[in-house]
Amino acid sequence: MKDTARVVVIGGGVVGASVLYHLAKIGWTDALLLEKSELTSGSTWHAAGGMHTFNGEANISRLQKYTIDLYREIEAMSGQSCGLHPNGGLMLAATPGELDSLKLIRSRARYLGMETELISVEEACRLNPLIDPRHFIGALWRADGGHCDPSGTTHAYVKSARLLGAAVERFTRVLALEPRRDGSWTVRTDKGDVHAEHVVNCAGLWAREVGRMVGIELPVLAMEHHYLLTEDIPELRGLEREIVNTTDYSGEIYMRQERGGALIGTYEPNGIVWSPSSTPDDFSMQLLPDDFERLAPYFEVGFTHFPALGRVGIRKAVNGPFTFAPDGNPLVGPVRGLTNYWVACAVMAGFSQGGGIGLVLSRWMANGDPGQDILSMDVARFGAFATPKYTSLKVPENYSRRFRLAYPNEELPAARPVRRSPIHDRLVAAGAVMGANFGLEHALWFAPPGVAPLETPTYRRSEAFAHVRAECHAVRERVGVYETTNYGKYEICGRGARAWLDRVFASRIPRPGRLALAPMLNEAGRIVGDLSIACLAEDRFLVVGSGFAEEFHLRWFARSAPPPDVFVRSAASTLAGLSIAGPRARELLQRLVRVDLSAAAFKLFRVTETAVGLSPAIVTRAGFTGELGYEVWTTPDYFVTLYEEIRDAGQALGLAHFGGRALSSLRLEKGYGSFNKDFRPDYTAAETGLDRFVDFDKPGFTGRDAALAERARGPARRFVVMELSDGDADVVGYESLLKDGAAVGYVTSGAFGHWVGKSLAAGYVPSSLAREGETLEVDVLGETRRATVRLEALHDPAGARLRG
């Protein structure tokens with residue numbers, strides 16, 4: 001075995017094999033894969049081998065399509081068959097909600113270039129004659145997907161990697177990982193040490209153990225998962241081709257043909273966690289005991305919906321462990337605080353996602369950037385809140401919902417509440433319906449007295465619609481208060497703070513007493529942050545951004561190498577905040593402060609440290625509603641007092657609470673985009689419109705060369721807000737935008753604009769179509785709606801209310 005390598009990949013399942021192949025393909029041929037047993041011996045060998053492009057995240061769908069398309073390439077290169085059965089897929093709907101979900105998938109697929117079609121149940125039965133049509137009302141057919149041979153596919157990756165110069169050592173156990181001062185690693189194995197520049201944790205069932213070797217606890221847990229193989233089914237004899245892989249939403253069943261019989265699996269409620277604390281070291285090529293008694297009711301549903309399966313015997317039962325993260329998506333990327341330590345684990349759908357994960361991780365390692373937005377797979381989407389107990393509660397919840405609909409207005413209950421601000425209970429008493437962001441509870445909307453704080457999950461407008469409308473009108477007409485504690489907050493101080501911020505952010509860095517909107521770019525000129533910077537003193541700054549991205553941004557700050565005289569600290573748990581917005585906001589806040597808040601004295605983007613009533617606070621004149629507004633920050637020990645004083649001072653002014661749903665409506669009426677929804681690492685400064693905040697004259701900031709080049713040539717697409725024709729539903733996100741029947745762009749977010757009385761959608765269109773009044777079409781749950789581009793804000797386009 002070699003004793004040095006540029007990179008050591010730990011784990012010989014399909015994900016580790018894909019990472020090895022892609023690293024070798026990108027030119028890192030000095031790559032070594034270590035597997036403690038035989039290749040595929042953890043979860044890979046007993047997988048059902050399904051492959052498809054369906055995912056709630058469009059960017060993951062793209063990577064899944066790449067994975068499926070890759071298999072022909074590695075077959076040709078290696079000479080190893082992947083055992084491909086590219087027979088496509090069917091998704092069955094039994095309820096109107098399920099049918100809405102299929103309509104949304106179809107709309108998204110058009111821009112992604114994926115061939116899909118909504119079909120009748122009768123047409124679905126021709127593709128899979130085992131379906132009992134009495135249980136369904138519609139279906140979606142997908143051209144992509146099918147199933148493959150897990151062992152053959154993994155070995156095709158490995159053989160291709162070896163042909164490119166990579167090495168594989170089986171039956172080699174990693175015992176310890178020890179960091180060196182230069183950022184490289186000593187990988188201790190039972191066959192000797194390897195000095196590696198990089199280490200990748202692709203250890204699957206043992207990902208936790210390989211994480212613990214470097215002092216981290218990854219949010220990964222294994223669940224038992226059953227599927228059955230039937231005896232030969234008479235109805236399948238004589239068919240010209242295999243039946244189409246089928247997913248049954250209502251039955252929580254998946255099934256496909258396996259030789260002359262069928263494979264049927266279920267993601268049952270109350271699933272069983274396997275090996276909750278640690279994975280047995282000697283577990284290899286093993287299955288778990290059958291549990292028919294517990295699972296019989298769920299398979300019976302499958303036998304009812306596909307009756308032919310119940311008329312034949314069971315040839316084999318498979319129960320094996322698969323790993324999940326709390327939200328069901330993989331954990332991919334570098335880990336903050338650990339130089340050159342990477343993860344690619346919790347990949348439950350390895351044969352749909354493994355190729356794409358290998359692609360983005362190899363780019364990330366070689367180029368410092370994954371090459372596209374993968375926020376929904378990034379390991380940094382979890383912070384300290386994702387403790388082992390949190391993971392043990394969320395993973396079973398996610399497992400049980402794998403084939404259930406994920407409604408856009410639905411909040412899942414497991415492991416909540418975890419993080420609560422000091423005013424949480426007061427907001428709940430005021431009627432708040434809570435969501436969770438990075439583990440922190442925050443108000444979505446407020447139920448008025450006498451109304452239950454509940455909401456029916458739906459793709460359409462819910463019973464909260466009228467209450468959100470009232471919140472929006474309160475902000476536009478009077479004054480509203482919104483808790484901002486769920487924002488990401490960072491304190492940056494020290495003699496070198498200004499110079500460092502000048503390099504990290506593309507904007508001009510404000511002077512003391514001022515605030516600036518501050519885009520943050522990567523080297524390719526793409527958006528990695530849309531934040532604000534408040535200068536509290538020449539050497540002290542408060543940076544505010546998206547709460548979900550706290551770990552992501554802390555990792556980016558660390559990557560940007562603060563010098564010894566710069567200190568960066570998260571203020572997530574040390575600052576809590578409120579936003580006061582509306583035409584009477586100044587009148588309210590002036591009652592609590594001695595600072596002159598008049599328009600001339602305290603202009604837009606001013607910041608000061610002052611007492612607000614009894615509370616020492618940071619006050620900025622800023623907000624996200626497009627109204628006259630202020631953000632007030634204080635420490636948690638004063639926060640209840642601050643809230644109560646603002647609430648009491650606002651009673652005579654008609655103060656109302658408002659939540660995140662109202663904020664989405666209000667911001668879109670002003671044409672404001674939101675990081676994660678509208679601004680992500682797929683988009684550039686000019687495409688988003690954030691280039692107006694870029695200081696192109698200053699030298700040396702990250703992404704400057706790319707941003708200048710784009711400014712010279714012009715962006716290929718632009719972010720716009722569109723006004724939709726009347727309908728009974730609003731966009732969710734990633735619906736395709738059409739021009740003359742062709743997909744030309746896609747939606748990123750949307751809401752009903754309650755003040756302007758219009759359904760609004762934000763998204764990206766070719767620059768040639770980013771014109772005032774340009775008309776496109778968008779498929780909203782199967783209904784074609786006109787989308788009219790509005791380049792000016794629909795509310796207060798001149799900004800008079802904002803600056804007043």
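I am working from a predicted model, in which local features need pLDDT of at least 70 and side-chain atom pairs count only at pLDDT 80 or more, whereas totals for chains, interfaces and linings use all residues. Residues are numbered from 1 along each chain as its sequence is written, and side-chain values use heavy atoms, with hydrogens and water left out.

Cores. I looked up the nonpolar cores, that is, sets of buried Ala, Val, Leu, Ile, Met, Phe, Trp, Tyr and Cys residues joined through side-chain atoms within 4.5 Å, where buried means under 20% relative accessible area with a 1.4 Å probe, protein chains only. The largest has 61 residues, and Val9, Val19, Tyr71 and Val200 have the most contacts inside it. Helix α1 (residues 14-25) gives this core its largest share, eight residues; helices here are DSSP runs of H or I, at least four residues, and strands are runs of E, at least two. Another core, of 50 residues, lies apart from it and includes Trp500 and Leu668.

Val200. Leaving aside neighbours within four places in sequence, I found Val200 in contact (heavy atoms within 4.5 Å) with Val7, Val8, Val9, Ile10, Val19, Trp342, Leu361 and Met365.

Strand β13. From β13 (residues 245-248), Asn245 and Thr247 point one way and Thr246 and Asp248 the other, and all are buried. In the hairpin of β13 and β14, four residues lie between the strands, and Glu252 in the turn has a positive phi of about 55 degrees.

Note on methods. Pairing = 2+ DSSP bridges.
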